[in-house]
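Hello,

Here is the structure I promised to pass on. Please have a look, and my notes follow below.

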Amino acid sequence: MSKQVEVERQLIVFDFDWSMADQDSYTWVFEVLAPDIRRKLKSTGSGSALQELHERGFTREDIEGALRIMPFHPAMIRGVKTLKAAANPQTTFLCLSSANSVYISTILESKGLQDLFTEIVTNPAEWDPSGLLKVRRHVDPNGPQHNCPVGCYPDICKGNEFDAFLERHGANYDRIIYVGDGSGDFCPTLRLRSQDMVLCRRYRTLEHRIAQEGERRGLKCQVKYWAGAWEVEEIFKQLPDAVETN
């Protein structure tokens, strides 16, 4: 039997590239600074591409400058700041991303969102003394692999990281909302309950996977589609005060 539950605590989970931000941070840096390197990214790894950028004389300041001007919709900033500031419901934010820690933190700080997320789970990165950005996989390629049966990328299984966050912080959220766009966002979407919601960006691979695999894999949550960040802000404003649980 279902019942109505007032939403007092909610968790909002964001993918970063093309979900919170309006670009792919990895490719954007090369599009701004060295389009010829961008052209060959599919045949070179991120490490060698960043090494080449460094060898050409591009600095940490150049990369950070490119990140600060990356497209990021004002409506997204308004939407998350409004929820964060509200006393009721209390909203916790989690970021699960295949980008990297330097890119995400630089962009968030430039938008005044550096304190938004309780946790950011992504690929670790750091600047070496010469100014070269070094990025490591969240899942160490030389250690145990996640072996996700849903098909997550090798660097991170967002479903596993989502479950681990709930274990660390307590799974007693009245509502969970997942905002994503890519294939890697499908796995955590399958972990959501009937009172939860995925905000799926249109025309990208998450929409395709929900359509092709959602029913077969037992997708339980509500699905809302969006194309522009202004629609995410609109959905946030219209969230009901109560949810129906089974």
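A salt bridge here is a side-chain nitrogen of Lys or Arg within 4 Å of a carboxyl oxygen of Asp or Glu. The model is predicted, so to speak of local features we need pLDDT of at least 70, and side-chain atom pairs count only at pLDDT 80 or more, while totals for chains, interfaces and linings use all residues. Residues are numbered from 1 along each chain as its sequence is written, and side-chain values use heavy atoms, leaving out hydrogens and water.

**Salt bridges**

The structure holds 21 salt bridges. In one of them, Asp15 pairs with Lys158, with the closest N and O atoms 2.9 Å apart. The two are 143 residues apart: Asp15 sits in the loop between strand 2 (9-14) and helix 1 (16-20), and Lys158 in helix 8 (residues 158-169). Helices (H or I, at least four residues) and strands (E, at least two) are DSSP runs numbered from the N terminus. Both Asp15 and Lys158 are buried; buried means under 20% relative accessible area, exposed over 50%, and partly exposed in between, with a 1.4 Å probe and protein chains only.

Arg56 forms a salt bridge with Asp36, the closest N and O atoms being 2.6 Å apart. Arg56 counts as partly exposed because its relative accessibility is 39%, and Asp36 does so at 40%. Salt bridges that share partners also join Asp36, Lys40, Glu52 and Arg56 into one network.

**Nonpolar cores**

A nonpolar core is a set of buried Ala, Val, Leu, Ile, Met, Phe, Trp, Tyr and Cys residues joined through side-chain atoms within 4.5 Å. The largest has 48 residues, of which Phe14, Phe16, Met20, Phe72, Leu199 and Phe236 touch the most other members. Helix 7 (residues 101-110) gives this core its largest share, 5 residues. Another core, of 25 residues, lies apart from it and includes Leu96, Cys187, Leu206 and Ile210.

Best wishes
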